[in-house]
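Here's a quick briefing to read with the structure open beside you.

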Amino acid sequence: MSALPADFLEKLRRLLPQDGLLTAPEDLAPYECDALSAYRRRPPAVALPRTEEEISAILNLCRMHNVPVVARGHGTGLSGGALPIEGALLLTLARLNRILMIDPLARTARVQPGVRNLAISQAAAPYGLYYAPDPSSQIACSIGGNVAENSGGLHCLKYGLTVHNILEVRAITIDGDIITLGSRAFDAPGYDLLALITGSEGMLAVIVEITVRLLPKPERAQVLLAAFDSIANAGVAVGQIIAAGIIPAAMEMMDKLSIQAAEDYVHAGYPVGAEALLLVEVDGVNEEVSDGLRVVYEVVKACGATEVRTALDEAERTRFWAGRKAAFPAIGRISPDYYCMDGTIPRGRLPEVLVRIAELSEEYGLPVANVFHAGDGNLHPLILYDANKPGELEKTEEMGGKILETCIAVGGTITGEHGVGVEKLNQMCVQFSSAELEVFHALKAAFDPPGLLNPGKAVPSLHRCAELGAMHVHHGQLPHPELPRF
Amino acid sequence: MNIHDQWLAATGERVLQARAEKRKLSIRGSGSKGFYGNVVDADTLDVAEYAGVVDYQPRELTLTARAGTRLEVIEALLAKNNQMLPFEPPHFGADATLGGCVSTGLSGPRRPYAGAVRDAVLGTKVLDGRAQVLRFGGQVIKNVAGYDVSRLMVGAMGTLGVLLEVSVKVLPCPESECTLMLEMPADRAVEIMNLWAASPVPLSATAWRAGHLYVRLSGTESAVQAAMQKIGGAKIPDGPAFWQALREQTMPDLAMRPLWRLSMPTAAKAFTALGQPVIEWGGGVRWYGTDMPADTLRALAKQAGGHVTLFRSHQPITQAFTPLPEPLAALHQRIRLALDPHGVFDTGRM
């Protein structure tokens, strides 16, 4: 870590209450990384403001001293978005943790960025309402971080991502100005800056308040489990369910290794011999759920499901989901380390992408477990490796990069919900052309002219892409489409 | 070179020429929404020729089409597969295009319950002010790589560049739909729209006009039947015609000029002092025909957390939208320059 200028630190100390600034090494250690713990760096100092005024003053000071700033929520991000930067102040928003207002009639909640995702739904529950996006880290992750990453979850096909579920954001620019993006109405005058700041990974402004949309809890939600003796059949079933006019609340697929690991871990009652498992949740009013489940049952049977079960009660539904939700830690039990990828593909391309992943797995000698948000095409291959073996992390990253490039080649994207952060910068060079990356840089400069907010994350420099010599694969259009790639 | 590549090359030349001659280009599909926004003094760049569905995958729930593709063509294609555009866009003319729909960002009656145009847009291909062809987003529902420039283009009124292609998420058509009518005053209707939206009722549109609340229910036959029992009121014989007249503004209540659109938090009180409104979007949009000064209306809306648009007028419109406060206005200017540094598309339409 390189030190911050002494006069800057002195002024910062005067801005904040005594417990508002951390500089002792033992206090800084917890801030070395987010949930992508393969990347670590000790921040030179951590500021913990409690108010918008303090944040404004901190940003002003950073601008005057030309000190970069990395904003952080609860540090659960999976792409290193909150990884400290050399010589940058780490600004944690965890202390802005109040739910300011819940309006049950208008179905909105106004919250500070440090409020946990699940806490919003808990506070809304007495009114029969909830906040829809449910990333798997929802007990711990902050809503501010969710906005910065445009977080998803299990229910995106039907209920959307963060960008579809927020109305208004208050943010502070590097100039210390407070801006309001979006509105409490359905739209706002001017450009859709609410969409632009959502998923901007802390690079445009610091989010200090969010108004989220709340939804009525569905009258009923029921989950159906279907086992298949081939991944391809399960993939066909996913397409057929959609073709039958059903929009499931959630539709998840697991492969054999994931099923086995999850079953050993939480005993969800999964059929362990199966090659693929499909979990389909249908929600809505009572009658709609009965009709929907009947259709789903017929479709999966027709697609060759070897076993179909419907959760009979809430306890069984919870158990069915427990296996899926525990898939990552379950893999963590059978491998010293695992590396989680986050590509999205058109659902119909799943079989060929899985074949390619299996080939890569063999080529690199690293096992892969596949967990798939089948409803929205978001694939989470987990590469199993051992960080203690020299060179294995590098090998894993290289293989992960190839998986992401495969996703781009079939018309998908390198990240569905985890963000680019520091992790997928190289693959950004593959997904976007120089001209497109330049637009991203120009947009950042429009918000943050001195370039002090989380610099170097999310959008690679053109220099980096040139050095990498990455082949820009545009939406499936390879430079030489006649050549077989996999 | 096929006709689309030829068009694109010629249009790129046109942009570069405009840049060299310091002229501005106003982008036009069919002109069906030419009334919307501020009047502009610029050369017209027609994009209607750049038409055609590029890709439609019913099982992926995605459709990609060139900007000049007529909405009618898209909707007919979707209907064959029992699918629809979730945002139920107003056409305001038989030849309305996808590009015009996305550029104006206008959504129809289903918006509060199924999302707006911007919610359905997954990706765009754009010609920027340097005549570069750029792609943002994609054809998948979940995608967080790069800033969301696709959604930035929605409602930008052609001031950031030329939309060439748009990918949108589509949805299956509901199995059954029915429209109910209940008699009640405006403020009670606003309250009830909000109360129903907070409970598991399969709403797909709500409106109030002339003393009556109209409610459309959509879903499986059984779900719609159950909700009808819950809500009560009288089933109107031609529901689709009612919602179409509201969406296309052909009902006499919306013939008033000037016509103001107040976009409000859904639960805001009904401003009866402004005259009889038409209310839609669960209370989120209220239409008024009034001669009251713009400033008065803007102040009123602002106080309630909303904003005002002068939607239609017999006079040329010079200030359609609520002006942005500083520092937001300066930020908008910088964002515009990021995509169009020479101001080719800086027509002042918004």
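In this predicted model, 84 residues of chain A are in contact with 70 residues of chain B. Putting the two together buries about 6500 Å², and carbon and sulfur atoms account for 64% of that area.

**Polar links between the chains**
- Six salt bridges turn up across the interface of chain A and chain B.
- There's a salt bridge between the side chains of Asp192(A) and Arg118(B), at 2.8 Å from N to O.
- Chain A and chain B also have 27 residue pairs in polar contact.

**Chain A's side of the interface**
- Several elements of chain A each bring at least two residues to this side, including β9 (178-182), α8 (231-243) and α10 (286-302).
- The largest share comes from α16(A), with nine residues.
- By type, the residues on this side split into 41 nonpolar, 25 polar and 18 charged.

**The seven-stranded sheet**
- Chain A has an open, antiparallel sheet with its seven strands in the order β15-β12-β14-β13-β17-β18-β16.
- β15 (307-310) and β16 (337-340) of chain A each have a single partner strand, so one side of each lacks a neighbour in the sheet.
- On average, neighbouring strands here are turned by 15° against each other, ignoring direction.
- β12 (220-228) and β15 of chain A run antiparallel and are joined by four bridges; Leu225(A) has Arg309(A) in β15(A) as its bridge partner.
- Helix α14 (392-409) of chain A packs on the sheet, touching β16, β17 and β18 of chain A, and its direction makes about 160° with that of β18(A).

Note on methods: Residues numbered from 1 in each chain as written. Chains lettered and ligands numbered in written order. Predicted model: local features only at pLDDT ≥ 70, side-chain atom pairs only at ≥ 80, totals over all residues. Heavy atoms only, no water. Pairing = 2+ DSSP bridges. Axes fitted to C-alpha atoms, helices over the stretch in contact; angles between N-to-C directions. Contact = heavy atoms within 4.5 Å. Buried area = accessible area lost by both parts, 1.4 Å probe. Salt bridge = Lys/Arg side-chain N within 4 Å of Asp/Glu carboxyl O. Polar contact = N/O pair within 3.5 Å; in protein donor to acceptor, adjacent residues only side chain to side chain. Nonpolar A, V, L, I, M, F, W, Y, C, P; charged D, E, K, R; others polar.
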